[in-house]
Amino acid sequence: KYSKRVPADGTDAVGAILQAAADPKIISFAGGLPAPELFPVKEMKAAVDKVFEEHGQEAMQYGAAKVVTTGSEQALDLVGKAFVDPGDTVLVEQPTYLCALDVFRSYGANFASVEMDEDGMKMDALEEALKANPNTKLIYTVPNFQNPTGRTMTEERRKQLAELAEKYDVYVLEDNPYGEIRFAGQHVPAVKSFDKSGHVFYMSTFSKTLAPGFRLGWLVADKAVVNKLTVLKQSADLHTDNLAQFAVAQFFADNDVDAHVKEISALYGKRKDLMLEGIKKYFPEGVKYTDPEGGMFLWVEVPGVDDTVELFKECLEHDVAFVPGDPFFAGEVQPGAFRLNYSNMKEDQIEVGLKRLGAALTAAVNK
């Protein structure tokens, strides 16, 4: 008697990831968790105390809903609810963020996947997909340090994406949770910055630059779209946690946020380099992997491994975890692919975990 929005097979890929990440005996490269040792606990406590002293009654009262969201996940859900009817097509990168697939699927979307290379979504492939799917409602992209691959879309392709959205009258949802966490290369302007017709919606979050527990995200779009999303937001939860909004605003007013983000970026860059060193040292020959300039993830492809989910189970028995690639694909799954997270694991554990993972991969390849 469940609605069609509930997955029929009971699969909970996110739950399995979080469960693995929570087990203290497992070295987990699975969850997309920030490094908790960099959470600004002391500074945030001071900000909250100041809010209670100066704005206590207002912070504890009902508030407005334009459009600060309960994490970026709610922004995904609101756009899906507002624009996707059953049978509509959503174009996504191949692979793409698994929770976005879950959200759009819950509203009855059909998917068409667009091929990527190291420079992000390929624009010639995107235009072919637009021509082949005239009922496309939405293009979803994570252009900066993409989840799951860590790839970044070039500036030229971002310009082309905005132009294609206007040409084919299709909306783009630009998801940018990781863009501030850059430890190499040069900043690339948002797709939204090239939008001349209101076809690009931009969303982001404080989860990766402050702390995910606040559940604060936001969405930028034309006023008419924001008004529609606000109505849907109000019917879901009235408004996002008022105290959290006050606290984060106070934190920004009282602290050097750029210095804080720079510290995060430096640590993640160091951990990414350690992970690449471990991959080169312990993984079997022929393994391919991405080398991100920022963010929290890299993508691994292992020729000769057909069942990455079974490999995941075997690795758990060896007390190491990753995320199988399967849930990141809207269509045909690429065998032997998986995602690794480098932000949440201490440096001394990265090599130990990759040594375990390398042994499991070698055994799988040699079966």
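Reply: Let's begin with Asp85, which is partly exposed because its relative accessible area is 45%; buried means under 20%, exposed over 50%, and partly exposed in between, with a 1.4 Å probe and protein chains only as cover. Before going on, please note that this is a predicted model, in which local features need pLDDT of at least 70 and side-chain atom pairs count only at pLDDT 80 or more, while totals for chains, interfaces and linings use all residues. Residues are numbered from 1 along each chain as its sequence is written, and side-chain values use heavy atoms, with hydrogens and water left out.

Asp85 has a partner in Lys137: their side chains meet in a salt bridge at 3.7 Å, N to O. The term stands for a side-chain nitrogen of Lys or Arg within 4 Å of a carboxyl oxygen of Asp or Glu. Asp85 sits in the loop between helix 3 (71-83) and strand 3 (89-94), whereas Lys137 belongs to strand 6 (residues 136-141), so this pair ties together parts 52 residues apart in sequence. Helices (H or I, at least four residues) and strands (E, at least two) are DSSP runs, numbered from the N terminus.

Lys137 is itself partly exposed, at a relative accessible area of 28%. Its side chain also meets that of Asp88 in a salt bridge of 2.9 Å, N to O. This second pair again links distant parts of the chain, 49 residues apart, with Asp88 in the loop between helix 3 and strand 3 and Lys137 in strand 6. With 11% relative accessibility, Asp88 counts as buried.

Elsewhere, Asp195 and Lys192 form a salt bridge of 2.9 Å, N to O, and Asp195 is buried at 14% relative accessible area. There is also a network: Glu37, Lys270, Arg271 and Glu347 are joined by salt bridges that share partners. The structure holds 20 salt bridges in total.

Now for the rings. There are 13 aromatic pairs in the structure; rings of Phe, Tyr and Trp (its six-membered ring) pair if their centres lie within 6.5 Å, and planes under 30 degrees apart count as stacked, over 60 as edge-to-face and the rest as tilted. In one of them, the ring centres of Phe206 and Trp218 are 4.8 Å apart and the planes stand at 50 degrees, so the pair is tilted. Phe206 is in the loop between strand 8 (200-205) and strand 9 (216-220), and Trp218 is in strand 9, so parts 12 residues apart in sequence are tied together. Trp218 is partly exposed, with 25% relative accessible area.

Phe206 pairs with Phe252 too: the centres are 5.5 Å apart and the planes at 70 degrees, so this pair is edge-to-face. Because Phe252 lies in helix 8 (residues 242-254) and Phe206 in the loop between strand 8 and strand 9, the pair ties together parts 46 residues apart in sequence. Phe252 counts as partly exposed at 37% relative accessibility. Together, Phe206, Trp218, Phe251 and Phe252 form one aromatic cluster.

Phe283 is buried, at 8% relative accessible area.
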